[in-house]
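Open the model in your viewer and keep the sequence panel beside it. The tour goes through selections in two chains.

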Amino acid sequence: MTSTEPATGRVAPALTTSGFLRAPFAPATYHGVAQVVVGWLWALTAGLPVMIVVVTAAALVPVLGLGLLVLPPALALARAFGGAERARLAAQTGAVVPAPARRRPGGPHWVTRLWAASSDPVGWRATAYAVVALLLTSVYLVFVVAMAAGAVGGVVLAARFLLGGGDAGPLATAAGTILLLVAVVVALWLAACCAQAGTLTIVRLARTLLGPSAAAQARAAQALAESEARVAESAAAAATERADVLSETRAAALEAADTERRRIERDLHDGAQQRLVALGVTLGTARRVAEREPAAAVDALEQAHGEVKETLAELRDLVRGIHPAVLSDRGLDAALSALAARSPVPVRVEASGLEAAGTTAQAAAYFVVAEALTNVAKHAGASVAHVRAAVVPEGAAGSGPVLRVEVTDDGRGGAGTAPGGGLAGLRGRVAALDGTFDLTSPADAGTRLIVELPCAS
Amino acid sequence: MRIVIAEDSVLLLDGLTRLLQSEGHEVTGHRTAEEMVAALTAPGVPLPDLLVTDVRMPPSHTDEGLRAAVHLRSLHPDLAVLVLSQYVEQRYAAELFAAGTRGLGYVLKDRVADVDEFLDAVGRVEGGGTVLDPEVVSQVLARSRHDLADLTPRERDVLALMAEGRSNTAIADRLVVGPAAVEKHVTNILSKLGLPPDADAHRRVLAVLRWLDLNGDLR
């Protein structure tokens with residue numbers, strides 16, 4: 001469709017654009033003449049035999065169905081002729097006619113296959129094209145040749161008038177000469193326009209009979225529209241699903257943050273704050289008994305000193321629980337080693353090349369391992385635990401490199417992510433980063449936790 | 001005196017026990033409210049002179065201590081109770097003081113670190129007085145429906161100290177003025193608020209708290 005306008009402009013400028021005055025000198029005219037000549041020869045030598053074969057085969061159908069055997073190859077021949085004709089037009093005129101759809105498959109049964117082969121519309125339309133093209137090119141060729149010959153003859157006659165030949169006859173007057181020259185010009189223009197019109201007509205005929213049929217084009221357009229609609233629908237469904245996942249993980253992240261805040265509040269309340277109050281009581285006691293019982297006061301002061309040191313240790317732990325300094329200073333590798341060193345259960349750490357992971361992913365990985373090792377120490381009854389951390393090019397869920405952390409132990413298993421528990425909070429934190437969280441903990445068979453976090457996070 | 005303490009933090013329980021023992025009291029400690037209630041309601045067990053309880057204790061770490069205190073006061077209205085709380089809330093105070101204010105105290109736990117103040121509160125509550133944390137008093141004053149604009153700033157200070165349950169002598173010490181000046185302020189305040197003059201410190205606290213509508217949230 002889109003190629004129609006420029007093609008006609010190139011093929012027949014005299015008829016479709018303002019190229020009328022230049023018509024006899026335009027390249028399109030000589031191409032048109034060549035096209036009509038070649039087209040006529042081709043229609044005569046190839047199109048005509050194809051038509052004869054097809055018509056003969058069709059005529060043989062009533063004769064014991066003999067034609068049914070000949071018709072399919074005859075139509076295939078017509079198809080081939082159509083293809084060759086499209087190629088010729090493309091080469092000679094530059095007008096590209098789209099190829100029609102491939103032959104429709106028949107059915108499973110041989111009768112339906114035979115029927116499909118015998119009624120192939122592409123073959124029949126190519127046959128019709130052969131007939132019409134032969135007639136049209138013949139007419140155009142005759143007309144162009146006649147006009148050109150007339151023009152040449154007129155020029156020869158006029159030359160004889162002007163040279164004043166002896167038997168010039170009654171028309172050899174000045175007026176007659178001018179009239180003759182006008183006729184020559186008109187013939188020349190008519191021949192040129194006719195040559196261009198011939199090509200234009202043939203191209204349009206080819207578009208109609210050799211291209212895809214209107215119904216096929218409509219079907220193709222509909223199929224395209226349907227597939228675009230399906231793509232849009234599935235994109236919309238994917239977007240909705242993504243939105244659902246995001247609102248879920250956002251809620252989980254908020255909950256995880258909330259749980260974390262409550263944990264910090266509880267740690268501060270049950271820990272440092274209580275210790276400081278107790279310290280105040282102990283120091284107050286020491287002051288009150290200092291004069292009466294100096295020995296008791298010294299005891300109380302020693303007690304207070306111990307409490308101060310314990311409070312400091314507890315605050316250090318608490319601060320590490322909020323964000324460990326070693327993670328920011330030395331990276332996840334060192335932070336994991338520090339975690340392993342503090343664990344009462346022996347832990348083997350394999351970690352290297354973790355710099356590719358983002359700081360948020362590293363922090364999440366750290367807390368996953370910290371919580372997992374705490375659980376190992378508290379509940380698993382394990383003799384050894386194993387931490388592996390690595391950046392892998394492609395995660396289980398696809399889409400880019402991930403920081404993969406695996407914590408295994410040989411304990412009693414049975415770990416779960418009960419709501420409100422430490423692992424459940426971490427699961428929310430991991431989900432908020434678009435990570436995956438896979439906990440396998442069968443009874444009496446150890447626990448394996450695999451967490452993957454997108455490096456970009 | 002015989003004192004029972006319910007406090008889940010071992011450290012603080014130890015500290016308070018040692019402090020009160022060094023002051024010559026007999027002390028029994030419990031780690032949970034349930035354990036404490038069971039011990040005090042067992043048949044044949046004499047009631048202590050004072051119960052000191054934390055609000056937040058296992059198992060739920062919310063207000064077990066407060067509920068236990070309210071429950072025990074409903075069984076024994078004469079039991080002196082001093083409630084220690086991580087956060088003081090007018091609402092908690094209102095629940096605690098709803099059934100009477102005699103021999104009842106409600107203070108911020110952090111105040112325990114000021115040992116002298118704590119021992120003073122212990123003595124006042126055991127003696128049947130009322131101790132209300134200054135923070136609760138300021139909350140009550142801030143939410144009072146009454147207009148306190150008639151009171152001078154000094155009178156408002158005195159009113160706050162009265163609401164905390166302090167005696168005239170204690171108020172005089174705190175404001176570094178003479179007892180006569182405090183008595184003049186108290187008389188002025190009571191007349192401005194339209195309350196009857198009363199020499200009894202406890203009845204006066206009750207009147208002030210009632211006037212300030214401590215229990216407003218419960219009605």
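A residue is called buried here if 20 or more other C-beta atoms lie within 10 Å of its own, with C-beta atoms placed from the backbone. The model is a predicted one.

Start in chain B and select residues 153-163, which make up helix α7. Colour B:V158, B:L159, B:L161, B:M162 and B:A163: these residues of the helix are buried. Next pick B:G165, which follows α7(B) and has a positive phi, near 95°.

Now move to chain A, which has 12 helices and 5 strands. Of its 457 residues, 30% count as buried. Where contacts in chain A link residues at least 6 apart in sequence, 73% of them join residues at least 24 apart.

Select residues 447-454 of chain A, strand β5; 6 of these 8 residues are buried, and the strand is mostly covered. Which strands does β5(A) pair with? One is β3(A), residues 402-409, which runs antiparallel to β5(A) and is joined to it by 8 bridges. To place this pairing, show A:V402 with its bridge partner in β5(A), A:P454.

Another is β4(A), residues 436-440, also antiparallel to β5(A), with 5 bridges between the two. Here show A:T436 and its bridge partner A:E452.

Finish at the hairpin that β4(A) and β5(A) form, with 6 residues between the strands. Select A:D444 in the turn: its phi is positive, about 60°.

Note on methods: Residues numbered from 1 in each chain as written. Chains lettered and ligands numbered in written order. Predicted model: local features only at pLDDT ≥ 70, side-chain atom pairs only at ≥ 80, totals over all residues. Buried ≥ 20, exposed ≤ 12 C-beta atoms within 10 Å, placed from the backbone. Helix = DSSP H or I, 4+ residues; strand = E, 2+ residues; numbered from the N terminus. Pairing = 2+ DSSP bridges. Contact = placed C-beta atoms within 7 Å.
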